[in-house]
Amino acid sequence: MLLSEQDQFLSYNGEVLVFQLSKPKHADEADDKTMNLCVRRMAFNRDTKLFVQKSSGVFSMHASHSKIEMICCSCTTDSRTGIILPCILMKKKKRNNVKYFVLFLHSSNQFEQSFYFKLDYELKEDIRLFAGPSVLWRHANKLFYISSNTRVVQSAPVQLSSVVWTGEIVGEGTVVLGIRTACLPETEDADGFSASDRAIWGSEFFGYAIQTQKMLTGTCFMPHAYSRVVSSVYICKTDRLKKQLRISLVAITHKKQLIWFQSGVPKGVCELPYEKPCLVKTAVTSSNDLLFVVSFASGNSCVVQRRDSLQVASKWQKVKCVLVDDFIGSGSEQLLLLFKDDSNTDVLSTFKITDLGQVNYASDINYKHDVPAAEGLQENGLLTVRALETRLQAGWTSVRELQQHLRLQKRVILESCRALIDLVEERTHILPNAKEVKCRRQARSLLNSAKPFAEGLVSLWDDVENPPHSLTKETSLASKVPEHFTEELWQRVVGDSLVVGVKLTESFYLSLSDVSLSLVMDQDFSSISPIIKCQSKIIKLNKAFSALTVSSSQIEPPPKKMKLDLHSKNDLRNEFPKRSSRIQLDGAKTVTAVTSLSPLLAFHRVCCVVLLHARKQNHQNDSLQQSKKITVLCGKILLSLEEISNGRYSVKMLRDTSYCTGSVEDILAVLAVSVRFSFQIVSSDCTLTPVSSWLLREMECTPFKECQDNIFCHKAGNVHGTIFNWTLKNPFEGVLTIFCRNLTVLFQCLHSLTGVLPPSCSVKLLRSGSKAVLTEQLALALEKEMLTLRNSLFLKETKAENSLSWGNESGKKINNAPLASLLDTEEGVQQFRKKLQNEREESVRSMNQAMNGALYRKTALKIAEAQLSSDMIVCRLS
């Protein structure tokens, strides 16, 4: 049976009804004025996986000088019996007279004409079929309707521009939801916000109950601000709470959006994949998922899934129509998509049945050759999908719990940062109060099981008069820090990096180890962490410009010393004029912190607290260095976009005659953002004089006024800003140290250098320093490892000897007493034997004495740190 463009499809009790208008096949001249309305009932066969015809029916109409068309079809309630039946609206046009009639289709495939009515115009806008049957339409911005009971066309007393929904609402009957021009002086109850909303947008929603002729407030459906963009609505649920109508609905807009509303408030939105959405309907699948099926004017369709949020689950193109019903008889609804297929015009030739989960049938799959296997495959697919859904739900539950834990962890970190700032500024930190008394118990359980809790943050220890020992120790240690431990606090901007430097006094630095800086924003940002991610470096300004990275992200631990063997005189001193330095390079150390600048500029003005973290070294009698962690407040820096734009903190490296005028802070800032590479250059045939000429002429380098052994590259291009240090051990061997921004600059420098070196020269990368220095470091590390092992064993042995001596206090009296006097009598021999046995047992017990768990962990950590240090130095030597 061939289809035409005017054919109508309708789903009814799991069947597909196909309505078609056609002329009789064997019509003579007398019957040529007859038109047949044919219906075919198509059902899905699960064996063949195809639609087959169950039955058919015909309704003949006289069409003399008339044009008959099908307007629309729907399943509506017959008011006489209350049974839902397929209903179709027909149009019969003859000259200027237009007749409309409504037909019912019964289960026997017999058509029944319910009623008809005549108009002097054609129905074109917002035509709807609803219970009765009744017909509703819009004409000239007015609302008209007619039912089988009255059979008289009636007009509603409203002016409207469109109808977006028609259906049943409990307690109100049939309700029409439409859009009209805003009427501010109205009698309906509306709050001030709704009135202002209508005045701004010029249009509003309204509801009209046809049976009671009652107006409903439009804001219980949607805010009036959406009246200009909504094209279709589907009401999912209605109920009443304290005489207040509560409505849950979805709406599609001209802006390619699907919006979920509850009681007039938008709860979710989803971007649609195609333009001009025109219709939305719902489907409930076997897994109780609510699907929203959206049809578009272009012939495309999509499905929006509503779980935790609205999202497009699937989309299709070239769709003829989408029907929702239980087509396979599973007890839940599926989607039937009928596709446009020009090559095959048979009924239901190209289709797809799916519920986006367990059910998936398509006409392009051949099931005929192996029907049992296909059926078994389908059943296995259903079981697999159910299992995967269960695992997905369990995984989603775990994700939600993890998100809650991360939110709690973030709050703990924020509060810890505030407590740390208060500690170093010697302020009393007050923890927030808990909402409930049981929060303290939950805080303790969090420490053990890491489960989130909903109450406020509290102290993880009991509130006692005396603070914990660790806190007292930390506070007392911070108070012992000298007042003038820093000489200078500065900041510089180098490219997209912010460099903050703290120059430490020599006496203070020598007593520290593992030194680093951290930056903490002083403002109270509740949505972000106040800790600024940065990388710390310790820079000692000397001939080699040694820069030691101590950031936590480094691959290898920092050695105690890292200095190239560059003690010989530099031949560049002969090339540049002699000039005294403005400062004395006495080996003072500067700690720098480098962080990304652009995220901080988003706040326009940021105040940061600079904290120094280190280990305070205490020399004991056994020559082991016992260290304690300290945190020292170095000061605050203020960063503003205006000052950065004015170049206040920019690095200024200018050429003044034969020198570079950069200050010490500028030099340290460039070193902090640079990467250091050292190369050993050896020439067996000729001297290395070309290296000095290459630096002076081709690279356009000039020495710093503050440190003339190191030179700055002024050559235009990527290499500008690179710092070099060239030292000759002898005329045939030297070390070139390069501080560059990235590897690209390094390769450019090396490429230029190899062009001037003799072919016999060898260039070797020094990984961490000279072999002699690393060997010395390895010896010191092995010595520390040996002392750590010896002292840990010595501590155990000392405890055993003390225990033994305590047990032998009575035995000393035996040794001091005359031995002969004890052995003369039998009682003396027994006494001596008993004392000797007790001494043996006490000795065994003391030697097998167990070590305390805390002491064992502390000892094991020291041994592991010592072994790690020595192993890393061996790795550098290899």
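Q: Which residue in β8 is the bridge partner of Phe101?
A: Happy to start here, keeping in mind that this is a predicted model. Strand β7 covers residues 97–105 and pairs with β8 in the antiparallel sense, over eight bridges. Within β8, the residue bridged to Phe101 is Tyr116.

Q: Which strands are the edge strands of the open sheet?
A: The sheet has four strands, with antiparallel pairing, in the order β5-β6-β7-β8. On average, neighbouring strands here are turned by 20° against each other, direction ignored. An edge strand pairs on one side only, and that describes β5 (67–77) and β8 (111–119).

Q: Which element gives the largest share of the largest nonpolar core?
A: This core holds 38 residues, and those touching the most other members are Phe19, Leu37, Met90, Phe117, Val135 and Trp137. Phe19, for one, has contacts that include Leu37, Met70, Ile88, Leu105 and Phe111, leaving aside residues up to four places away in sequence. The largest share of the core is seven residues, and they come from β7.

Q: Why is helix α9 largely enclosed by the rest of the structure?
A: Helix α9 spans residues 664–673. Its buried residues include Val664, Ile667, Leu671 and also Glu665 and Asp666.

Methods. Residues numbered from 1 in each chain as written. Predicted model: local features only at pLDDT ≥ 70, side-chain atom pairs only at ≥ 80, totals over all residues. Heavy atoms only, no water. Pairing = 2+ DSSP bridges. Helix = DSSP H or I, 4+ residues; strand = E, 2+ residues; numbered from the N terminus. Axes fitted to C-alpha atoms, helices over the stretch in contact; angles between N-to-C directions. Buried < 20%, exposed > 50% of the residue type's maximum accessible area, 1.4 Å probe, protein only. Core = buried A, V, L, I, M, F, W, Y, C linked by side-chain atoms within 4.5 Å. Contact = heavy atoms within 4.5 Å.
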